[in-house]
Amino acid sequence: MSTAPHALEVVDLRVELEYGEHEDIVDGISFRVAAGEVLGLVGESGSGKTTVGLAVLGHTRRGARVARGEVRVEGRDILTLPPLERQRLRGRLVSYVPQDPASALSPAMRIGGQLEETLSEHGFGASDAERRARIVEVLAEVLLPSDETFLRRYPHQLSGGQQQRVALAMAFANRPRVIVLDEPTTGLDVTTQAHVLETVRALCATHGVAAVYVSHDLAVVATLAMRVAVMYGGRLSEVGPTGTLFRLAAHPYTRRLVEAIPELSGKHALASIPGTAPRPGHRPAGCFFAPRCAYALEACTVAPPPLESVAADHVVRCIRHADVMKDAAAARPAATARAEIADEDALITVREVDAWYGVRHVLHGVELVIRPRECLALVGESGSGKTTLARCIAGLHTAYSGAISYRGQPLERGARARDANARREIQYVFQSPYNSLNPRKTIGQIVNQPLRHFFSLGGSEARRRVVEVLDTVQLSSTVLDRYPHQLSGGERQRAAIARALIANPQLLVCDEVTSALDVSVQAAIIDVLADLQRELDIGLLFVTHNLALIRTLSQEVAVMSEGRIVERGLVDHVLDRPQAEYTRKLLSDTPSLEAALAASG
Amino acid sequence: MSDLALGEPIEVDLETKPGRPWRLLFSTAWGQHRTKIGLGITLLIVGVALIGPLLAPYSPDQGVEGQLPFASPSSDAWFGTDDLGRDVLSRFLSGGVSVLILAGLSTAIGIVLGVAVGLTAAYSRGKLDDLLMRGMDVLLSLPQIVFALVLAATVGPELWLLVLAVGLTTMPRAARVTRGAAVEVVEKDFVRAAEAIGIPRRRILFSEVLPNITSPLIVETSLRMTFNVAVVAGLSFLGFGLQPPAADWGLMINENRNGLAIQPWPVLLPVIAIALLTIGTSLIGDGISRAAIGIERGRGGRE
């Protein structure tokens with residue numbers, strides 16, 4: 001061969017279930033990554049992106065196997081190697097950074113020991129001194145200290161961001177040629193995320209490492225990746241350069257994904273993608289996306305579309321790509337006008353609140369006002385105390401001093417001590433719908449619970465109310481007899497919102513309600529909340545770490561840092577002319593598609 | 001199919017299974033050979049114990065005419081006679097009910113008390129939790145048999161006392177399992193959600209927490225039943241259960257052990273029955289526990 005082989009080349013990869021009908025999890029996956037290049041592999045949950053990421057390491061999850069295809073690392077197909085040899089390559093030639101750094105690090109070993117083991121396991125360096133030098137070097141590369149006290153720490157003594165950096169250091173330690181990063185910043189707050197992303201990009205560029213960055217967060221991918229591969233239903237639906245893909249998407253799915261990303265400037269209306277991605281064995285004939293696609297034609301449901309090339313280095317699996325690209329060039333719909341703020345008496349006033357978790361002082365003299373029918377966004381990094389404040393208001397956290405009053409009446413600390421009216425009118429929606437719905441009850445029973453408790457309502461009247469509320473959150477009455485595990489994450493969160501709504505609340509406290517969900521689902525939940533606020537006239541306390549979400553929804557915003565409110569004001573003022581240093585930093589760290597595209601020209 | 005290694009949970013595809021948690025658990029448990037075999041054995045022994053008294057050819061406490069003590073099997077007495085010349089088969093068929101009832105009652109008492117203590121401890125946390133669980137530890141440190149012996153020695157061999165003693169020693173074990181399973185559940189947000197709207201504590205425990213720990217409790221119940229059958233039989237063997245001339249498996253073993261060399265049947269039959277019963281109940285428990293773990297994995301192991 002005359003030209004140098006790509007650092008990573010995946011050819012016609014198929015991974016299928018080991019048992020049963022051998023249904024494919026992913027099929028026909030081909031892509032290349034050059035040395036020093038970052039390829040973003042994006043898709044919703046269940047699209048097969050993690051399966052492809054693992055296959056690059058020559059690995060499959062239990063119950064799956066590689067049925068066909070090649071994974072070439074510097075020209076050598078690693079799938080044909082015997083298992084033992086393949087295992088030896090992992091960590092040396094190809095390495096992996098998992099989503100949860102805690103699972104990559106052994107909780108029982110010191111940081112130094114783990115790095116040392118990573119090197120000696122692969123025979124790196126001739127002596128201890130040489131390995132020690134490499135540890136110091138690689139820790140410096142990921143911007144961590146390498147002094148003795150740090151090396152002697154255990155993983156639990158590090159912050160989430162530091163843990164992820166150690167995981168990065170371990171992955172880069174043996175100077176691999178290819179690295180797979182599986183949503184490594186999902187658990188981190190935006191500031192830490194920005195630093196980690198910057199480190200990944202710098203390391204790949206400096207050492208000529210080919211990286212595959214698996215993520216569902218398109219804004220992150222846009223910031224980091226030079227090329228993007230979009231996956232849907234176990235197939236590549238589009239592969240191309242980042243800028244082209246986001247500006248001139250040729251696949252309807254890509255376009256919907258791009259439109260579902262919230263923007264800091266809030267110029268566009270958020271668009272959600274109706275329906276869910278098909279699972280293996282439940283995929284339709286023809287194009288898998290056809291049932292959810294606005295462009296679908298008769299022909300789309302007959303045969304799966306071929307992967308076609310639309311430009312240099314840009315392939316797409318859609319027969320109507322020409323039309324999609326033409327429409328993508330047109331502008332996205334503008335955001336609809338927001339409800340105006342009415343100046344009335346406060347719904348909730350928080351005065352001089354200090355709160356503690358055990359001995360830790362988490363809130364310092366917090367002052368806050370929520371007006372009726374208004375949405376107040378409470379923004380801050382994880383650990384800033386925003387959830388604690390929300391829980392104090394809802395009566396779920398009692399260790400605080402100061403006063404919280406509801407419509408001018410002081411509230412008791414704990415929910416149990418409050419009168420039934422206060423409990424009914426302040427409702428709380430929890431962060432994770434995987435945790436907040438009793439798995440042993442049907443959705444009908446769960447949503448009915450507050451109704452029975454507050455209004456002693458039963459029978460057909462109760463059922464009518466439940467169906468009505470489910471309809472408000474766009475769930476059909478077919479979910480009544482289903483159990484939470486039979487619902488998708490987005491559906492579960494709607495059910496949780498329905499449970500809060502059925503009590504006829506005046507204030508809905510939403511604690512990071514979208515952070516456990518996919519981007520496409522997130523948009524739909526925000527839509528539901530915005531509708532509720534407009535139509536039901538309820539107040540909203542929207543707690544989030546994602547600044548980009550708030551412009552669509554909120555009139556006012558309060559920014560929290562280390563237990564203090566550092567800035568408060570109208571959303572447009574705060575986002576366009578941030579006063580506090582911290583707000584400015586938060587804004588610049590929030591990954592933005594627009595900024596990334598502007599930077600790339 | 002049958003190459004399941006010990007302790008390996010089975011794989012459950014939740015999409016093809018019905019939604020109801022109970023039906024799912026039992027249908028998954030039923031799908032394994034061990035559960036079917038265990039249930040078969042248990043039903044056989046329970047059947048023998050319950051219907052047995054009606055089938056007995058002779059009265060269990062009267063000697064068979066023309067038969068000496070420790071007579072070998074014959075057409076008159078199929079399994080021979082015991083130390084007093086009574087029909088072994090009739091005594092065996094009549095002697096199972098007492099073991100079943102005593103073991104069942106004491107298990108039920110122990111589980112109910114243990115669940116109440118365990119749930120209270122898990123939900124209250126803090127001092128009450130410590131107080132309850134350390135109290136359970138004290139009870140746990142007493143060997144079941146010894147505890148029952150001490151009680152029987154002070155009050156006398158009363159049946160209610162035997163049930164109470166075995167029940168009380170079952171309680172701490174059930175309490176530990178309940179608390180262990182419930183501490184995770186009480187931390188879940190759906191419990192917070194119920195608290196936030198002011199649902200009474202007792203209702204939270206029974207309608208939010210309890211339904212989520214039924215799988216370990218069912219497993220624990222079958223395990224405790226297994227143990228209690230042996231303990232109850234052991235206590236009657238030692239003379240603290242039913243008193244002669246009543247027919248009882250534990251008692252039969254004791255009365256006839258002297259003749260083991262010449263007429264083994266009056267000892268062998270109850271021993272086999274007790275062994276089968278414990279094997280049966282523990283197989284059922286094992287099947288359910290594997291099914292429960294399999295379902296848990298299937299639910300958590302999604303992408």
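Helix 18 of chain A (residues 519-536) has 18 residues and should span 26 Å at 1.5 Å a residue, which agrees with its end C-alpha atoms being 26 Å apart. The expected span is 1.5 Å times one less than the number of residues. This is a predicted model, in which local features need pLDDT of at least 70 and side-chain atom pairs count only at pLDDT 80 or more, while totals for chains, interfaces and linings use all residues. Residues are numbered from 1 along each chain as its sequence is written, and chains are lettered from A and ligands numbered from 1 in the order in which they are written.

**Chain A**

- Chain A has 22 helices and 22 strands; these are DSSP runs numbered from the N terminus, with helices being H or I of at least four residues and strands E of at least two.
- Of the 601 residues in chain A, 50% are buried, a term that requires 20 or more other C-beta atoms, placed from the backbone, within 10 Å of the residue's own.
- In helix 18 of chain A, 13 of the 18 residues are buried, so the helix is mostly covered.
- A:Asp537 follows helix 18 of chain A and has a positive phi, near 60 degrees.
- Among contacts in chain A with a separation of 6 or more, 68% join residues 24 or more positions apart; a contact means C-beta atoms, placed from the backbone, within 7 Å.

**Where the chains touch**

- The contact takes 26 residues from chain A and 18 residues from chain B.
- Helix 8 of chain B (residues 189-196) gives the largest share of chain B's side, 6 residues.
- By class, that side of chain B has 8 nonpolar, 3 polar and 7 charged residues; Ala, Val, Leu, Ile, Met, Phe, Trp, Tyr, Cys and Pro count as nonpolar, Asp, Glu, Lys and Arg as charged, and the others, Gly among them, as polar.

**A helix pair in chain B**

- Helix 6 (residues 144-155) and helix 7 (residues 159-186) of chain B pack at about 145 degrees with axes 9 Å apart; axes are lines fitted to C-alpha atoms over the stretch in contact, and angles run from 0 to 180 degrees between N-to-C directions.
- Residues making this contact include B:Phe147 and B:Leu151 of helix 6 of chain B, and B:Leu162 and B:Val166 of helix 7 of chain B.
- The residues of this contact divide into 9 nonpolar, 2 polar and no charged.

**Confidence**

- The model scores ipTM 0.76 and pTM 0.68.
- Chain B averages a pLDDT (the predictor's confidence in each residue, from 0 to 100) of 85, and 91% of its residues score at least 70.
- Over residues 1-6 of chain B the pLDDT is below 50.
- Where pLDDT is low, the predicted coordinates should not be read in detail.

Definitions and conventions:
A residue is buried if 20 or more other C-beta atoms lie within 10 Å of its own, exposed if 12 or fewer, and partly exposed in between; C-beta atoms are placed from the backbone. Two residues are in contact if their C-beta atoms, placed from the backbone, lie within 7 Å.
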